[in-house]
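Reader: Please take a close look at one part of this model, the metal sites. Which residues hold the metals, and where do they sit?

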Amino acid sequence: MGEKAVSIAKLDVKKLIDMLNGALAEEWLAYYQYWIGARVMEGPMRSEVEPELLLHATQELTHAELVVSRIIQLGGTPVLSPAKWFDLASCSYGEPNDPYIEEILKQNLEGERCAIQRYEEIADFTNNKDYVTYQMAITILNDELEHEHDIEDFLKDLNRMKEEFKKLRL
Ligand code: FE
Ligand code: FE
Ligand code: MG
């Protein structure tokens with residue numbers, strides 16, 4: 001952390017770095033969850049959902065890049081081994097054992113809601129104290145809200161389709 005950066009820090013930097021390392025681990029897990037989920041997924045709307053999930057995966061990676069840069073700027077050490085991701089992450093990783101599209105989407109939705117909570121916490125912690133981290137958290141939070149919305153829309157469409165099929169059977 002630069003001299004001026006230290007002097008303007010008005011919060012517990014160690015605690016902030018811990019939170020950011022949690023976020024970093026979660027971003028990598030989210031990246032892999034989207035990336036592998038998009039590949040094993042089966043079911044209706046696959047051709048439409050797959051590219052969106054892969055896009056989200058790359059966006060999670062961009063988040064990881066933002067978070068790692070900030071950890072280093074703050075003088076912290078980013079998590080150096082994937083073996084530690086599960087210890088540091090507060091969000092669970094949903095192993096896509098059931099490749100049905102709806103299950104994959106539900107797992108991703110749970111991940112997004114957890115990510116939203118994470119960046120809300122970081123934003124609350126840094127608000128009016130660390131403007132740079134605060135701004136980063138808000139930028140990422142915006143993406144996570146968009147991700148949640150996209151997945152909710154897909155799930156809504158799937159449910160709508162199920163309802164229509166039920167009507168046909170009557
Ligand atoms: Fe993310
Ligand atoms: Fe996301
Ligand atoms: Mg999207």
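Author: Donors here are N, O and S atoms within 2.8 Å of the metal (3.2 Å for Na, K and Ca); water is not among the atoms, so sites may look incomplete. This is a predicted model: local features need pLDDT of at least 70, side-chain atom pairs count only at pLDDT 80 or more, and totals for chains, interfaces and linings use all residues. Side-chain values use heavy atoms, without hydrogens and water, residues are numbered from 1 along each chain as its sequence is written, and chains are lettered from A and ligands numbered from 1 in the order in which they are written.

E27 belongs to helix α2 (residues 13-40) and E60 to helix α3 (residues 46-73), so the pair ties together parts 33 residues apart in sequence. Helices are DSSP runs (H or I, at least four residues), numbered from the N terminus. E60 coordinates both the iron ion (ligand 1) and the iron ion (ligand 2), which are 3.9 Å apart.

E27 is buried, at 3% relative accessibility. E60 is buried too, at 1%. Buried means under 20% relative accessible area (1.4 Å probe, protein chains only).

Now the magnesium ion (ligand 3). E52 (OE), H56 (NE2) and D150 (OD) coordinate it at 1.9 to 2.3 Å. Their spacing is E-x3-H-x93-D. H56 lies in helix α3 and D150 in helix α6 (residues 131-169), so this pair links parts 94 residues apart in sequence. H56 is buried, at 0% relative accessibility.

How values were computed. Helix = DSSP H or I, 4+ residues; strand = E, 2+ residues; numbered from the N terminus. Buried < 20%, exposed > 50% of the residue type's maximum accessible area, 1.4 Å probe, protein only.
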